[in-house]
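Me: I am new to this structure and would like to go through it step by step. Could we begin with a view of it?

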Amino acid sequence: MAENATLVLQGKKYELPVTIGTEGEIGINIKSLRAESGGAITLDPGYKNTGSCESAITFLDGEKSILRYRGYAIEDLAEKASFLEVAYLLIFGELPTQSELDKLNKDIKKQAYLDDDLKKILDGFPKSAHPMGVLASMTSALVAFNPGSVNVNSQEDMYNAIIKILAKFPILVAWAFRKRNGWPLEYGDGSSNYVNNILKMMFDMPNEKYELNPIVSEAFNKLLILHADHEQNCSASTVRMVGSSHAGLFVSISAGISALWGPLHGGANQAVVEMLESIKENGGDTQKYLAKAKDKEDPFRLMGFGHRVYKNFDPRAKIIKKSADEVLGKLGVEDPVLDIAKRLEKEALQDDYFVKRKLYPNVDFYSGIIYRALGIPTEMFTVIFAIGRLPGWIAQWREMRLRKEPIGRPRQIYVGRNKRDFQEIQDR
Ligand code: CMC
């Protein structure tokens, strides 16, 4: 039942309305606080306790390890759905009927090409460029080739912009990867489904077509679904923030890519495998790395551990761990890094430091190990995360625009110098 919260500040009482979500989450609405109090605001660095919006896309309960897209359990979706069905669900709110899915597929295929001039931009990057940087720049460059802002009041305009980014983004991903390898650029053959086409665009060679393997396709589909949305994380909030200035969809997505790149966010999957590799190279002493992670003087963190919201097992990590065992087993891949990961997890979960802080393995702890087994190189891990997260970013952007949210603009508490007189250069 909605009720008010009472805030007492400097002897004066303020009644603040409370919003209760469909899962019982409580939000104290401080919208009128500043105006009524003559200047007081809330202070919450990192937004650890701040809800930036009401959203109907994803629900997660970090204490109970629950993650649901539009009400559907992540476990069910990962097991039973295709990535494109999940994309439709996140963006438009319902699972598609067969004819809706067919239409989506058809519309995406029609837009699955890039202006040839984009190759000139790609050519300008050194081969050594990280594919996340290339992807962010190329996604931004898409605007130049598809000018005109989306009229968000037109369902058709909005739909067309969404189809364009869903169709063109995987090509950019494949090109960023192929450029790095010096391989000719590919469009796939259009005959495969969305997920298989990504694999084909990445790995097809003119002299040797990529052989689709159902184990690889299934694992890839599952990984993309697990990454598809995660409510108001750093990159989704970035997409909403940039989009809130009414900048277009493509640049908002480009900003999301940049936010995802950081090692505390999506970049953790690359960082995890690099960490596991270096543990292996240093003789496999997991205890040494646990000690480093606990040492406050040492900047090292156990990558793939801890989460802003999950204070229990990340449900995605559970699915991925099981999938890693299956995929490596079925493909007959032996990866010593998987054994190190399992040992590290076991030891960390028994260690007081991690137990006390509720630090559990997150989605990125095992995902890189599967990507390796699927033949995806380390520097592409975060890029694959970005393809998975694309529907989530689109859904967050669309919801923000349809709800006509105001421009995102936090306040601050100023702690700098008070007013002082200007000093001429010779007097400083
Ligand atoms: N290793 C060692 N200590 C840690 C770790 C870790 N991975 N994560 C958190 N802590 C400690 C932290 O030092 C702090 O200790 P104290 O209370 O003594 O100061 C306490 O746990 C709370 O950490 P926090 O940094 O305040 O928590 P946060 O919510 O701000 O950060 C996080 C969450 C994910 C950034 C952080 O856990 C982290 O850096 N993890 C490693 C990077 C990683 O795996 N990121 C992927 C996240 S999941 C996928 C995604 O979001 O894209």
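Reply: What follows covers charged pairs, a surface patch, and the spaces within the protein.

Me: What kind of model is this?
Reply: This is a predicted model, in which local features need pLDDT of at least 70 and side-chain atom pairs count only at pLDDT 80 or more, while totals for chains, interfaces and linings use all residues. Residues are numbered from 1 along each chain as its sequence is written, and side-chain values use heavy atoms, with hydrogens and water left out.

Me: How many salt bridges are there?
Reply: The count comes to 21 salt bridges. A salt bridge here is a side-chain nitrogen of Lys or Arg within 4 Å of a carboxyl oxygen of Asp or Glu.

Me: Why would such side chains pair?
Reply: Side chains of opposite charge can pair when their charged atoms come close.

Me: Which residue does Arg 372 pair with?
Reply: Arg 372 forms a salt bridge with Glu 277, and their closest N and O atoms are 2.6 Å apart. Arg 372 lies in helix 17 (residues 364-373) and Glu 277 in helix 12 (residues 268-281), so the pair ties together parts that are 95 residues apart in sequence. Helices (H or I, at least four residues) and strands (E, at least two) are DSSP runs, numbered from the N terminus.

Me: Is Arg 372 buried or exposed, or something in between?
Reply: Arg 372 is partly exposed, with a relative accessible area of 25%. Buried means under 20% relative accessible area, exposed over 50%, and partly exposed in between (1.4 Å probe, protein chains only).

Me: Which residues are linked in a network of salt bridges?
Reply: Arg 240, Glu 399, Arg 403 and Glu 405 are linked in this way. Glu 399 is buried at 8% relative accessible area, whereas Arg 403 is partly exposed at 42%.

Me: Changing topic, which residues form the nonpolar patch on the surface?
Reply: Ile 20, Ile 26, Ile 28 and Ile 30 form it, with about 360 Å² of accessible area together. Ile 28 lies in strand 3 (residues 26-28). Patches are made of residues with over 30% relative accessible area and no salt bridge, where like charges are joined within 9 Å and nonpolar side chains (Val, Leu, Ile, Met, Phe, Trp, Tyr) within 5 Å. Accessible areas come from the Shrake-Rupley method with a 1.4 Å probe, and for residues only the protein chains shown count as cover.

Me: How many cavities of 30 Å³ or more are there?
Reply: The structure holds two cavities of that size. On a 1 Å grid over the protein atoms alone, a cavity is a set of points where a 1.4 Å probe fits but cannot get out, a pocket is an open set with protein on both sides within 12 Å along at least five of seven lines, and lining residues have an atom within 4 Å of a point. Grid points are joined across faces, edges and corners, and a volume is the space filled by probe spheres set on the points.

Me: What lines the largest cavity?
Reply: Its lining consists of Ile 215, Glu 218, Ala 219, Lys 222, Ser 323, Glu 326, Val 327 and Lys 330. Helix 9 (214-226) and helix 14 (315-331) are the elements that give two or more residues to this lining. The largest cavity holds about 80 Å³ of space.

Me: Which helix gives the most to the lining of the second largest cavity?
Reply: Helix 7 does, with three residues. The second largest cavity holds about 30 Å³ of space.
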